[in-house]
Amino acid sequence: MRSNRMKTKPNVSELKQTIMRAKKSFIFVGLFSFFINLLQLTSPLYMLQLYDRVMVSRSESTLWLLTLLVIVLFATMALLEMVRSRVLVRVGNKIDNLLSDRIFESIFKLANKMPGKASSMPLNDLTQIRQFMTGNGLFAFFDTPWMPIYIFVLFLFHPYFGYFAIFSGIVLGIFAVLNENTTKEKLAEANKLNRDSTVFVDSSLRNAEVIHAMGMQNNLKKIWQKKYFGFLNAQMIASDNAGFWANISKSCRVLFQSLILGLGGYLAIKAELSPGMMIAGSIIMGRALAPLDLMIASWKGFSNARSSYERLNGLLAEFPEDEKPMELPAPKGELLLESVVVVPPNAKQPSLKGISLHINKGDVVGVIGPSAAGKSSLARAMLGLWPLASGKVRLDVADISQWDKEKLGQHIGYLPQDIELFEGTISENICRFAEVDPIKVVEAAQISGVHEMILRLPEGYDTLIGQGGATLSGGQRQRIGLARALYGNPVLIVLDEPNSNLDDVGEAALVEAIKILKTKEITVILITHRPAILQVTNKLALMQQGLLQMYGNTAEVLQKLQQQANSQSAPKPQPSNVPQPQVVSLSKPSGELS
């Protein structure tokens with residue numbers, strides 16, 4: 001995380017402001033381009049002197065002197081071009097360094113706000129911009145403004161040369177505009193479809209086992225092919241159009257160079273210029289038109305870089321840089337929810353509807369309820385993962401949004417339903433990829449009851465688990481995920497279905513771990529469907545349809561639930577034509593609480 005956080009000026013996008021931080025470098029590149037374009041006149045002027053002076057005077061000393069001067073000038077030009085190229089490479093790397101962490105942070109914010117739509121493509125967009133800035137295509141934009149230098153020299157040779165160069169430049173400029181108009185829309189469509197197909201494949205790969213097991217691969221392949229072949233078709237049309245105008249532009253440039261020779265021959269016959277001017281004029285004409293020709297040829301790269309710029313600009317604007325809040329004291333674990341309303345990402349209806357809840361430090365709160373009751377939404381709201389439509393979540397009185405996320409994360413433990421482990425060793429996963437502290441790692445593993453299981457693995461804590469923890473069973477991943485949640489003695493731990501993949505031994509270890517946390521007065525939120533684990537809770541919350549139906553001491557809530565179940569199960573006389581009321585069951589068929 002860089003220390004010199006950048007303040008965005010009003011009405012200036014963060015991306016533009018970052019690029020403008022390299023303004024001095026661009027000024028130097030422009031200055032180098034000026035001298036490089038001046039030195040490009042070396043070759044035609046050398047030809048002019050050879051034809052009009054050396055060939056006439058037949059002076060060898062003049063030839064040697066001119067040749068030596070040309071060598072020095074060309075060496076100077078090569079040095080300037082090398083420096084210009086290196087400056088742009090470093091400018092590209094500087095911009096990448098300034099933006100990469102911001103883009104990385106924004107990707108994760110997007111993933112929290114709109115799950116399924118986030119990918120690593122914005123980092124590829126940054127690479128696209130950097131590659132364009134360090135390629136030859138950008139030189140065309142620096143060289144084009146110096147075209148008047150060449151046209152001025154042509155006017156010095158003869159006004160007809162100057163007017164002909166202006167006409168040729170206008171024609172190639174028209175080709176550049178036509179190239180833009182015929183390729184822009186299709187290139188944008190191709191980029192969008194390419195991104196969509198990439199995101200679709202990435203999401204499918206994360207569920208490869210399900211796809212193979214249920215024979216879904218061909219069906220998903222058809223969806224991918226529709227996106228991918230649409231991308232190929234749009235790119236083909238754009239490339240065909242770009243290639244057409246690039247070839248027309250190149251052919252016209254060669255044609256204009258030849259025609260100016262003809263014009264020069266006519267003027268030489270009329271004795272209005274010399275043969276050397278005729279040859280030099282053709283060379284200068286080619287140099288004057290070269291930037292336009294290169295611009296058209298590299299337009300696809302420019303268009304892709306422009307699209308990448310627009311996407312990054314939108315991403316950074318949607319997720320502006322968080323101002324670093326004042327560091328608060330370490331939290332103690334008291335949690336307060338005030339009329340919390342949450343609308344999940346990509347949803348229209350709230351999953352939590354005015355939840356108010358007070359959890360004291362050291363409470364072990366069980367959260368139960370049927371599916372889609374809002375239990376996982378409650379967990380995400382407590383952790384500040386999902387933005388609130390209204391209400392407040394307070395940790396030790398302070399609004400959870402006032403905490404620095406990196407600092408707060410050191411005091412929080414979270415075990416989600418879908419366990420995600422990362423490529424690396426078991427010890428690295430438990431310590432959350434910070435510097436491995438063996439004492440704390442082993443302590444977390446022992447509390448979660450996974451220490452002995454880890455020791456039985458081939459390399460113990462140094463066992464590499466592969467991406468996503470693919471080498472481990474579901475139960476092993478869940479237990480290591482629990483150890484990660486307990487690492488560093490957090491003050492608030494949220495466990496979402498922590499025993500869904502556990503056997504009896506694993507569940508017994510989980511119960512013992514929660515008992516230890518309870519003795520340490522660590523606040524634990526336990527979301528579960530299984531009633532057996534509720535024995536370790538001291539409070540119980542019942543969720544239904546996004547509402548908090550009951551909250552209180554575990555024994556009292558369970559007693560009320562039992563009374564409700566008994567009253568609903570008692571037979572009541574009903575008229576034969578009146579349908580029986582539907583009984584809402586809070587348990588699964590196996591007898592587990594829902």
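Mentor: What follows begins with the ring pairs and then turns to the protein as a whole.

The model is a predicted one, and local features are taken up here where pLDDT is at least 70, with side-chain atom pairs counted only at pLDDT 80 or more. Within those limits, the structure holds 17 aromatic pairs. One of them is formed by Phe132 and Phe302, whose ring centres lie 5.9 Å apart; their planes meet at 50 degrees, so this pair counts as tilted, since stacked would require planes under 30 degrees apart and edge-to-face would require over 60. Phe132 belongs to helix H5 (residues 121–133) and Phe302 to helix H12 (residues 299–318), so the pair ties together parts that are 170 residues apart in sequence. Phe132 and Phe302 are both buried.

A second pair, made by Trp224 and Tyr228, is stacked, with 4.9 Å from centre to centre and 15 degrees between the planes. Here the two partners sit in one helix, H10 (residues 217–269), and because they are four residues apart, about one helical turn separates them. Trp224 has a relative accessibility of 26% and so counts as partly exposed, and Tyr228, at 27%, likewise counts as partly exposed; the range for that class lies between the 20% limit for buried and the 50% limit for exposed. Trp224 and Tyr228 also belong to a cluster, in which ring pairs link them with Phe229 and Phe231.

A ring can also have a charged side chain over its face, and Phe139 is such a case: Arg84 lies over the face of Phe139, at 4.2 Å from the ring centre.

The C-alpha trace spans about 120 × 65 × 50 Å along the principal axes. Of the 594 residues, 45% are buried. Among contacts in the protein with a separation of 6 or more, 74% are between residues 24 or more positions apart. The accessible surface comes to about 31,400 Å², and 59% of this belongs to carbon and sulfur atoms.

Methods: Residues numbered from 1 in each chain as written. Heavy atoms only, no water. Phe/Tyr/Trp six-rings, centres within 6.5 Å; stacked < 30°, edge-to-face > 60°. Helix = DSSP H or I, 4+ residues; strand = E, 2+ residues; numbered from the N terminus. Buried < 20%, exposed > 50% of the residue type's maximum accessible area, 1.4 Å probe, protein only. Lys NZ or Arg CZ within 6 Å of the ring centre and 35° of its normal. Contact = heavy atoms within 4.5 Å. Areas by Shrake-Rupley, 256 points an atom, 1.4 Å probe, with all protein chains shown as cover.
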